[in-house]
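Please examine the sequence and the structure shown below.

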Amino acid sequence: MIEAQPAQATTPIARLGAPETAKAPAKKLTGKSAVLEQLETPEHQSWKQFRFMIAFGLLGIHAVGVLGFWYFSWSGLAIALAMYVITIPLGVSIGFHRLLTHRSFECPTWLSWICGLSGTLAMQAGPVTWVAAHRLHHSDADRQPDPHSPFVSFMWSHLFWFLFWDPRLQDVENRNRLAKDVVARPGQLALEDSYWWISLLVPAVLFGAGWLVGGTYLGMSWMTWGWALRLVAGWHATFFVNSACHLWGYRNYDIVDNSRNNWWVALSTFGEGWHNNHHADPSSAAHGHRWFEYDPAFWFIVALSKVGIVKNVRRPSHTERMNHAAGE
Ligand SMILES: [Zn+2]
Ligand SMILES: [Zn+2]
């Protein structure tokens with residue numbers, strides 16, 4: 001069964017050729033030298049709002065990842081690579097981002113649930129929180145109150161932003177309102193509510209399976225590589241979309257935010273780094289708009305549509321008006 005598509009809930013952003021929206025005063029950027037004004041520090045960036053447990057967990061998992069260098073095994077590396085492909089391109093890029101946030105294609109309930117589970121295993125957030133945060137970003141990108149603009153600071157956009165209690169995201173009612181279509185999809189709220197259980201089960205299962213097969217060394221290897229190191233790699237690959245892709249790279253579209261197309265972020269995220277294209281046309285399933293813009297996440301969606309599993313794949317609508325040298 002193909003899930004019905006609810007009405008578009010995201011706030012439209014100014015696009016190439018479209019009039020600038022009511023989000024004034026938006027400073028239009030011109031070309032590579034464009035610099036946005038420094039944004040004020042968000043009100044919720046205070047020690048009272050600091051989420052100590054999240055920070056402790058983040059540091060702890062980085063430390064467990066370092067342990068992996070003392071527990072290398074080829075099977076541990078293979079598990080890490082397989083889990084990376086399941087969680088980052090399938091879970092976060094195709095599932096959380098292109099399907100659940102932007103509804104750039106339609107798919108059966110079983111596939112949206114698999115995508116939601118795969119994204120949850122990336123341990124960035126549950127599907128509802130992830131979508132809510134990303135919709136807030138699109139509605140005010142690089143302007144207050146964008147939840148993670150690098151124009152507050154690089155580290156704020158990279159990871160500090162989620163170490164602080166943001167009432168728009170951590171308040172369940174607010175969060176559910178921002179992503180009410182995701183809440184309405186079968187199984188997604190259950191994944192959100194089970195987020196911590198699922199996150200803690202993964203290292204236990206990996207250690208247990210490795211221990212059964214080859215003892216403590218292999219258990220540690222599968223856990224440190226398949227869980228901690230793989231998580232750290234997936235985190236920073238994704239976090240660079242929020243930080244690097246709003247600072248460094250080229251622009252195909254002269255739009256009001258500072259989004260950039262960045263090839264090295266695209267490489268590690270299977271196509272998410274073409275972020276200026278994405279901000280210009282958020283509902284397009286394709287993030288690569290030019291022939292050399294490598295976008296395997298989109299190729300996979302196209303392959304699924306060829307065999308009839310997904311439908312109504314949205315294509316870029318702005319390429320014909322692309323400004324190859326934005327600002328010139
Ligand atoms: Zn962005
Ligand atoms: Zn997006």
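**The nonpolar core**

The largest nonpolar core has 55 residues, and V131, A132 and I301 have the most contacts inside it. Such a core is a set of buried Ala, Val, Leu, Ile, Met, Phe, Trp, Tyr and Cys residues joined through C-beta atoms within 7 Å. This is a predicted model: local features need pLDDT of at least 70, side-chain atom pairs count only at pLDDT 80 or more, and totals for chains, interfaces and linings use all residues. Residues are numbered from 1 along each chain as its sequence is written, while chains are lettered from A and ligands numbered from 1 in the order in which they are written.

Student: Which element gives the most to this core?

Tutor: The elements giving two or more residues to the core are α2, α3, α4, α10, α11 (263–269) and α13 (296–306). Helices here are DSSP runs (H or I, at least four residues), numbered from the N terminus. With 13 residues, the element that gives the most is α10.

Student: Is E43 buried or exposed?

Tutor: A residue is buried if 20 or more other C-beta atoms lie within 10 Å of its own, exposed if 12 or fewer, and partly exposed in between, with C-beta atoms placed from the backbone. E43 lies in the segment before α1 (52–67). Because 12 other C-beta atoms lie within 10 Å of E43, this residue is exposed.

Student: How far apart in space are E106 and S305, C-alpha to C-alpha?

Tutor: E106 lies in the loop between α2 and α3. In sequence, E106 and S305 are 199 residues apart. In space, C-alpha to C-alpha, E106 and S305 are apart by 9.5 Å.
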